[in-house]
Amino acid sequence: MDLSFYLHGNSILHKMPTWSKFALLVVFSIAFYAIYDFKVLIAILALVILLVAYIKVPLKRLKAMFALPLFMVVLFSIFSFVVNDLNAGLLTFFRLSSLVILAACVTVTTKIEDFMAFIENLLLPLSFIPFIKPKTVSLTLSLTLRFIPEIFKLGMDIKEAQAARGLRSNPIALIVPLIVLTLKRADDISDALDARMLD
Amino acid sequence: MVRLEGNSVLEFDDVNLVRNDQKILHNLNVTTSEHRIGVVGANGSGKSSFARLLNGLLVPTDGSAKILGHDVNQSTKDVRRQVGFVFQNPDNQIVYPVVSEDIELGLKGMDIPKAERKAKVEEILSRFNLLHLKDRSVHMLSGGEKQMIALSSVLIMEPKMIVFDEPTTLLDLRNRNAVASTIMALEQYVVLVTHDLELLSEFDRVLVFDEGRIAADDSPKEAITWYKRKMAS
């Protein structure tokens, strides 16, 4: 389970400042919803697929990146078709597909570090609010990205240990030790943050 | 690296530590000026608490603890700036998901320009032949690689002293040897808490902890012999 999707490269997207990529993403998201012409929407989808090829995303990575988001796009499109009509379903499919792929292109060309710096800068104007500390928010996001795979692995280890003892799969038996171990881990991480002067 | 020739590195004067109404350390009196200090003891003997006092992660309940001339109670930040800490489990120490980003993290609070930070990260990774791991996801690394990354993230801050809390416990023999030879090559003052007695053979001094007290304080050979006898009894 890898939540760090960044891919090395020298594409234009890699070289663009993070803020400009996100600004473009916002502009495109709004623009896509102003387009009703299928020919244009299909052309846009083809272009964003070409963008993926240009960034040279490996096939294995493509599956990991797109499987769940595209599944969601299909679900939304079906919902839109059922609630409205075929035309609305297809519009939803083309718009969301292009958007999801474009967002993925931004993800694979932006280092987490740059993304965090962007979030920090974005929150800077709000730092006068006592509970909003841009550095803390960015550190929290980093910790989340860093430790989701670790907690997932911890869960697998607990499951394996229980299976080795002949216990059948039981959500409660998994969740309780997982919470206890995660809290213990949080305590250790807090010590490590203090030791690294990140308090 | 400038050492404090002739001066005390650690200066503990009647230090007591109480946690959760339990006395963990009793009247510690110890002064050191040596380059490498080993710390051994049974589980629960207080050696990890002692290590945490050296970085200001814990502060004495009473008594005075001075590290490199700074009082732990009064100048915790100064102590932390000068004393790096390497934990037993590097997974708890590495905060960012990508190797280079994690190593760079500590430098961000020091007003160092980005280009210089990047150069420092590359320099420290090259020093340990880890440059190929620069853009890797942390959770894809082996235990030994993680421990070396944790150490790199400490060394990049240029501490004067590094405290290791059982750094080889989770490692296989090859990685243990790699970490051991790295520790031996460090110019910084080293305090190493370990159960790996072989690691301490070339240290300058070894403290043996027993029930929250320093029960033996001697050369590695003498102290380890004392400790083994104690463990056998």
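Reader: Ground rules before we start?

Author: This is a predicted model: local features need pLDDT of at least 70, side-chain atom pairs count only at pLDDT 80 or more, and totals for chains, interfaces and linings use all residues. Residues are numbered from 1 along each chain as its sequence is written, chains are lettered from A and ligands numbered from 1 in the order in which they are written.

Reader: Start with helices. At what angle do α2(A) and α5(A) pack?

Author: About 180°, with the axes 10 Å apart. Here α2 covers residues 18-32 and α5 covers residues 86-108 of chain A. Helices (H or I, at least four residues) and strands (E, at least two) are DSSP runs, numbered from the N terminus. Axes are lines fitted to C-alpha atoms, for helices over the stretch in contact, and angles run from 0 to 180 degrees between N-to-C directions.

Reader: What does that make α2(A) and α5(A) to each other?

Author: Roughly antiparallel. Angles under 35 degrees count as roughly parallel, over 145 as roughly antiparallel, 65 to 115 as roughly perpendicular and the rest as oblique.

Reader: Which residues in α2(A) and α5(A) meet?

Author: From α2(A): Lys21(A), Phe22(A), Leu25(A), Phe28(A), Ser29(A) and Phe32(A). From α5(A): Arg95(A), Ser98(A), Leu99(A), Leu102(A), Ala103(A) and Val106(A). By class, this contact of α2(A) with α5(A) has eight nonpolar, two polar and two charged residues. Contact means C-beta atoms, placed from the backbone, within 7 Å. Ala, Val, Leu, Ile, Met, Phe, Trp, Tyr, Cys and Pro count as nonpolar, Asp, Glu, Lys and Arg as charged, and the others, Gly among them, as polar.

Reader: And how does α2(A) pack with α6(A)?

Author: At about 75°, with axes 9 Å apart. That makes α2(A) roughly perpendicular to α6(A). Thr18(A), Trp19(A) and Phe22(A) meet Asp114(A), Phe115(A) and Phe118(A) there.

Reader: Switching to the chain contact. How many residues of chain A are in contact with chain B?

Author: 23 residues of chain A, in contact with 21 residues of chain B. On the chain A side, α6 (112-123), α7 (134-164) and α8 (171-195) each give two or more residues. The largest share, eight residues, comes from α8(A). That side divides into eleven nonpolar, three polar and nine charged.

Reader: Now the core. Which residues touch the most other members in the largest one?

Author: Val39(B), Val163(B) and Val191(B), out of 89 residues. A nonpolar core is a set of buried Ala, Val, Leu, Ile, Met, Phe, Trp, Tyr and Cys residues joined through C-beta atoms within 7 Å. A residue is buried if 20 or more other C-beta atoms lie within 10 Å of its own, exposed if 12 or fewer, and partly exposed in between, with C-beta atoms placed from the backbone. The most comes from α5(A), with ten residues.

Reader: Where is Val163(B) in the strands, and what stands opposite?

Author: Val163(B) points one way from β7(B) along with Met161(B) and Asp165(B), while Ile162(B) and Phe164(B) point the other way, and all are buried. Val163(B) stands opposite Val191(B) in β8(B). Strands β7(B) and β8 (residues 189-193) pair in the parallel sense over five bridges. Val163(B) is also the bridge partner of Phe85(B). Four bridges join β6 (residues 83-86) of chain B to β7(B), again parallel. Two strands pair if DSSP finds at least two bridges between them.

Reader: What order do the strands of the open sheet in chain B take?

Author: β2-β1-β4-β5, four strands with antiparallel pairing. The edge strands are β2 and β5 of chain B, each pairing on one side only. Between β1 (residues 10-19) and β2(B) there are seven bridges.

Reader: Which other phi stands out, at Leu68(B)?

Author: Leu68(B) has a positive phi of about 50°. Leu68(B) is in the loop between β4 (62-67) and β5 (70-71) of chain B.

Reader: Is Leu68(B) buried or exposed?

Author: Buried, with 20 other C-beta atoms within 10 Å. Asn27(B) has 15 such neighbours inside 10 Å and counts as partly exposed.

Terms used:
Contact = placed C-beta atoms within 7 Å.
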